[in-house]
Amino acid sequence: MTRLPRQMEAAHKTSLAKGEVGIREKRPVPTLKEFCDTRLEPWAKATFEHTCKNNWLWFRAGIRRLRACEVLAKATLDEITNEKVAGFAVHEQVRWQNRGRGEEEDKRGLAVSSINSSIRVLRRILNLAVEWGVRESVPRLALLPGEHHRERVVTPDEELRYLGAASTLLADVATVLVDTGMRPDECYWLRWEEITWVNGRNGSVLVAHGKTAAARRVLPMTPKGQGDAGTTLGALGKAD
């Protein structure tokens with residue numbers, strides 16, 4: 001079983017030596033900027049702009065930061081390594097960042113979480129380059145240490161105070177979000193036909209639209225959420 005591949009390889013080398021098989025030329029690899037301009041950004045916009053806008057904004061922000069680093073932007077996709085990514089991280093940590101609110105708001109350096117977000121975009125770009133046959137393999141790009149993860153748990157007392165101060169629509173939406181764990185955009189996309197009042201003890205909600213394909217799921221409603229789900233849907237329907 002192990003001889004066959006070697007025999008085929010030997011026969012191929014013999015054919016090359018005899019000139020019977022032409023030497024295959026390696027296709028030119030585009031730079032990161034060229035790949036983003038001509039393929040990646042148009043693909044991301046067409047795929048996510050009208051279906052999952054947050055994904056499109058994530059791609060767009062990451063692409064802009066990557067293109068702003070000249071050394072990385074001018075590198076071909078097969079030249080991108082952890083060394084170049086480290087250079088990109090240093091570039092983002094030392095350059096002046098304009099926050100768009102006037103000169104007094106300028107600051108030096110970008111947050112670690114923002115830099116890591118761009119590196120994750122770069123990972124996705126290189127994976128797509130392999131999937132589309134532009135690059136043969138993907139390097140393991142390291143993220144910067146020290147990223148702060150936001151963890152905030154709303155207490156029952158804070159929930160009650162918010163519901164008491166919020167408008168009727170915001171209070172209804174907040175109740176549905178808290179009782180189901182849905183994302184705000186998932187709640188916004190809810191439609192009447194996705195509410196079932198008889199499934200389970202208090203009915204259920206079908207989440208048909210979300211950040212990814214895995215977001216599609218059925219969630220049980222609580223007695224409190226059951227009443228507010230109908231109110232929220234009615235209000236959102238009027239708003240549309």
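Start with helix 2 and helix 3 in this predicted model: their axes cross at roughly 170° and come within 9 Å of each other. Angles over 145 degrees count as roughly antiparallel, and that is therefore how helix 2 and helix 3 are described. On the helix 2 side you'll see L32, K33, C36, D37, L40, E41, W43, A44, K45 and F48. Helix 3 answers with K53, N55, W56, F59, R60, I63, L66 and R67. What kinds of residues make up this contact of helix 2 with helix 3? By class, there are 10 nonpolar residues, one polar and seven charged.

Stay on helix 2, which covers residues 32-48, and look for helix 6, residues 112-131. Here the packing angle is about 85°, and the axes lie 11 Å apart. Since 65 to 115 degrees counts as roughly perpendicular, helix 2 and helix 6 are therefore put in that group. Helix 2 brings L32, F35, C36, L40 and W43 to this contact, while helix 6 brings L122, R124, I125, L128 and A129. Sort the residues of the contact of helix 2 with helix 6 by class and you get nine nonpolar, one charged and no polar.

The largest pocket has a volume of about 570 Å³. If you want to find its centre, look for W58, S117, R120, E147 and R150, which lie nearest to it among the 16 lining residues. Two elements, helix 3 (53-68) and helix 6, each give two or more residues to that lining. Which element gives the largest share of the lining? It's helix 3, with six residues. The lining of the largest pocket has nine polar residues, five charged and two nonpolar.

The second largest pocket holds about 290 Å³ of space. It is lined by 13 residues, and R27, V29, G133, V134 and R135 are the closest to its centre.

Three strands form an open sheet in the order 3-4-5, with antiparallel pairing. Strand 3 (195-196) and strand 5 (217-220) are at the edges, and each has a single partner strand, so one side of each has no neighbour in the sheet. How many bridges join strand 3 to strand 4? There are two, and strand 4 (residues 204-207) runs antiparallel to strand 3. As an example, T196 has S204 in strand 4 as its bridge partner. On to the next pair: strand 4 and strand 5 are antiparallel too, and they pair over four bridges. Follow S204 in this direction and you reach P220, its bridge partner in strand 5. So what are the bridge partners of S204? They include T196 and P220.

Conventions: Residues numbered from 1 in each chain as written. Predicted model: local features only at pLDDT ≥ 70, side-chain atom pairs only at ≥ 80, totals over all residues. Heavy atoms only, no water. Axes fitted to C-alpha atoms, helices over the stretch in contact; angles between N-to-C directions. Parallel < 35°, antiparallel > 145°, perpendicular 65-115°, else oblique. Contact = heavy atoms within 4.5 Å. Nonpolar A, V, L, I, M, F, W, Y, C, P; charged D, E, K, R; others polar. 1 Å grid on protein atoms, 1.4 Å probe; cavity = no way out; pocket = protein on both sides within 12 Å on 5 of 7 lines; lining within 4 Å. Points joined across faces, edges and corners; volume = space filled by probe spheres on them. Pairing = 2+ DSSP bridges.
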